[in-house]
Amino acid sequence: ALPICKVSAPQIYGHTPKQGLIALKKKLTSLVERHLFTKDIERCIHPEELINRVVFDLEEPSRCSVDDKTLQFESRFECGNLKRAIQVRSNEYDLILCADINSQRHHQWFYFEVSNFSCDIPYRFNVINC
């Protein structure tokens, strides 16, 4: 069994929602979508430019390599299902999830913690179902 390092219990601490309506994020424009698509193509054409550094590994924690500017991931708590996080570019991460053995359909849930981020920097997570 893997060690659990945190307890996930929001009912203990409670949750106070913000008062009033919260605006939804605007849909990406076609120009932004085209830019993201171009980045994906560059990833295939120039793999040597990728960082490909494991920053979280559930099964082999000693494999992880983080620094002050790297996001820190955690899923060693009840129902956490992040298996591995790989930094692809400075602000892009591939997230490999543990398979949901109780699911027979084409859906996936995720539950993990991310820290050490900056509010003014956009990050991209590529969620990969294992």
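**Exercise 1.** Work out how Arg-76 is classed by its relative accessible area, and which side chain Arg-76 meets in a salt bridge.

*Solution.* The model is a predicted one, in which local features need pLDDT of at least 70 and side-chain atom pairs count only at pLDDT 80 or more, whereas totals for chains, interfaces and linings use all residues. Residues are numbered from 1 along each chain as its sequence is written, and side-chain values use heavy atoms, with hydrogens and water left out. The partner of Arg-76 is Glu-74, at 2.8 Å from N to O, in a salt bridge (a side-chain nitrogen of Lys or Arg within 4 Å of a carboxyl oxygen of Asp or Glu). Glu-74 is buried, since its relative accessible area is 10%.

**Exercise 2.** Find which parts of the structure the salt bridge between Lys-83 and Glu-59 ties together.

*Solution.* The side chains of Lys-83 and Glu-59 meet at 3.9 Å, N to O. Lys-83 belongs to strand β3 (residues 82-89) and Glu-59 to the loop between β1 (53-57) and β2 (72-74), so the pair ties together parts 24 residues apart in sequence; strands here are DSSP runs (E, at least two residues), numbered from the N terminus. Glu-59, at 48% relative accessibility, is partly exposed.

**Exercise 3.** Determine whether Glu-92 and Arg-89 are buried or exposed, and which network they belong to.

*Solution.* Both Glu-92 and Arg-89 are buried, and their side chains form a salt bridge at 2.4 Å, N to O. A network of salt bridges links Arg-43, Arg-89, Glu-92 and Asp-94.

Notes
Helices (H or I, at least four residues) and strands (E, at least two) are DSSP runs, numbered from the N terminus. Buried means under 20% relative accessible area, exposed over 50%, partly exposed in between (1.4 Å probe, protein chains only).
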